[in-house]
Amino acid sequence: REINNAVFECIFTGDLSDSFPSGDEDNTFTGNVNNEINGNWISAPTGSIHEARLKAKVKRRLRKNSSKDSGRGDSLSDNGDVVRSVVPPTSPKGKLLNRRSKMGKGRGLPKKGGAGGKGVWGSPGEVYGEDEVDVKDPNYDAEQENCVYETVVLPLDDETFEKTVTPIVQEYFEHGDANEVAELLAELNLGCMRGDVPMLAVSLALEAKASHRELTSRLLSELCGCVLTAGDVEASFHKLLKELPDLVLDTPGAPQMLGQFIARAVADNILPKSFIDGYKGRVDCEYARAALDRAAVLLRMSRWTGLRIDSLWGSGGGQRPVNQLIKEVNLLLKEFLLSGDTVEAERCLRELEVPHFHHEFVYEAVIMVLESKGDRTLQMILQLLKSLCASTVITVDQLRRGFERVYLDMADLSIDVPCAYSLLEQFVEQSFNAGVIDKKLRDLCPCR
């Protein structure tokens with residue numbers, strides 16, 4: 001250090017001769033330099049300087065790699081060799097990747113038996129019981145312990161009642177399931193509007209078909225007792241009699257129809273027999289008087305002549321048995337052959353309300369042509385089919401199915417009518433010329 005200070009003074013002053021000591025001091029400086037190598041003081045002779053340099057180099061290398069291999073346990077042996085121990089790594093990253101238990105216990109299975117972790121509500125199959133109320137809870141209220149909570153449905157007003165119940169009745173006209181209507185009405189809080197349900201149903205049925213009026217009579221009979229009471233039904237018919245002048249504006253035949261509804265309700269025991277007698281001599285409205293007279297006449301006819309009021313409206317559409325539909329189709333065709341009124345035949349076919357059964361009408365019409373063996377019947381049936389196809393009362397699919405059924409039964413028909421094949425070919429050819437059937441259906445006609 002004294003030599004370094006002297007050198008710096010000579011550099012700044014420019015005088016080097018006066019600054020360095022001579023004689024014994026030179027020997028002292030040389031000895032100090034030789035005894036210090038890389039900051040390590042050694043007392044060995046010059047031969048051991050090389051070993052000291054190697055040790056210092058190895059120490060620098062270990063110090064440089066200490067950040068990468070921390071905790072690896074490297075050490076320096078007496079010979080200068082690096083010795084690596086088998087101590088496991090202790091870096092934080094290694095600890096995070098190690099999923100084994102830190103306690104040194106267990107068999108490596110999932111923690112908590114798989115019932116723990118994010119988004120897990122417990123082990124599979126575990127059933128939780130009800131939480132017990134803690135009396136020491138500061139939010140505990142003894143008065144609310146036995147409370148029962150229920151959903152409150154507000155009662156319907158006039159506007160909401162009509163908007164809610166009308167779609168239910170209209171859907172019932174499509175599916176005909178009275179139990180579903182009862183379930184839907186039970187979910188509503190009808191309140192004081194309960195007696196207006198029969199009134200709304202009958203008002204909608206007056207503007208509908210006969211089959212829908214039959215469904216309405218069945219609906220009133222099904223609802224009375226479970227949803228409605230006899231008093232509700234009676235109050236509804238009282239209101240209907242009062243509103244008949246307004247109903248006649250939309251439905252001119254409303255008095256006669258309402259009389260039939262009253263007679264049917266009395267026959268189904270949902271309306272008392274004294275309902276009609278209570279109005280005797282107290283009716284000023286002519287429409288109400290006509291309705292009550294109609295009901296009284298029907299009830300007397302059922303008592304004296306055995307008229308079945310339960311079939312007053314007739315069976316609607318597909319609810320009738322197949323044999324009954326076939327009989328009605330045959331009667332329709334026979335009446336047409338006698339009258340020749342195409343419009344009346346079309347109206348009667350529409351009133352049957354069986355568009356899916358029109359292929360039977362085509363089948364019976366062609367059979368009549370084959371069995372009649374006359375040109376008059378052939379021309380009249382051809383004219384009727386042409387008119388029905390032009391008005392789309394009979395669809396192309398139903399027409400095709402009817403002719404195909406005749407084609408399949410020709411083997412049996414030819415036994416009773418020997419000339420059936422020739423008559424069929426003649427009728428099919430004229431039907432094709434009139435545009436009733438297409439060329440593909442004409443080519444399918446069988447021949448003997």
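Q: Is M368 buried or exposed?
A: This is a predicted model, where local features need pLDDT of at least 70, side-chain atom pairs count only at pLDDT 80 or more, and totals for chains, interfaces and linings use all residues. Residues are numbered from 1 along each chain as its sequence is written, and side-chain values use heavy atoms, leaving out hydrogens and water. Buried means under 20% relative accessible area, exposed over 50% and partly exposed in between, with a 1.4 Å probe and protein chains only. M368 has a relative accessible area of 15%, so M368 is buried.

Q: Which residues does M368 touch, not counting those up to four places away in sequence?
A: M368 sits in helix α16, residues 358-372. Helices here are DSSP runs (H or I, at least four residues), numbered from the N terminus. With contact meaning heavy atoms within 4.5 Å, M368 touches N330, L333, K334, L337 and T377.

Q: How far apart are the C-alpha atoms of M368 and K334?
A: Along the chain, these two are 34 residues apart.

Q: Why does R63 count as exposed?
A: R63 lies in helix α3, which covers residues 49-64. R63 counts as exposed because its relative accessibility is 56%.

Q: What percentage of the residues of the protein count as buried?
A: The protein has 448 residues. Of these, the share that counts as buried is 33%.

Notes. Helices (H or I, at least four residues) and strands (E, at least two) are DSSP runs, numbered from the N terminus.
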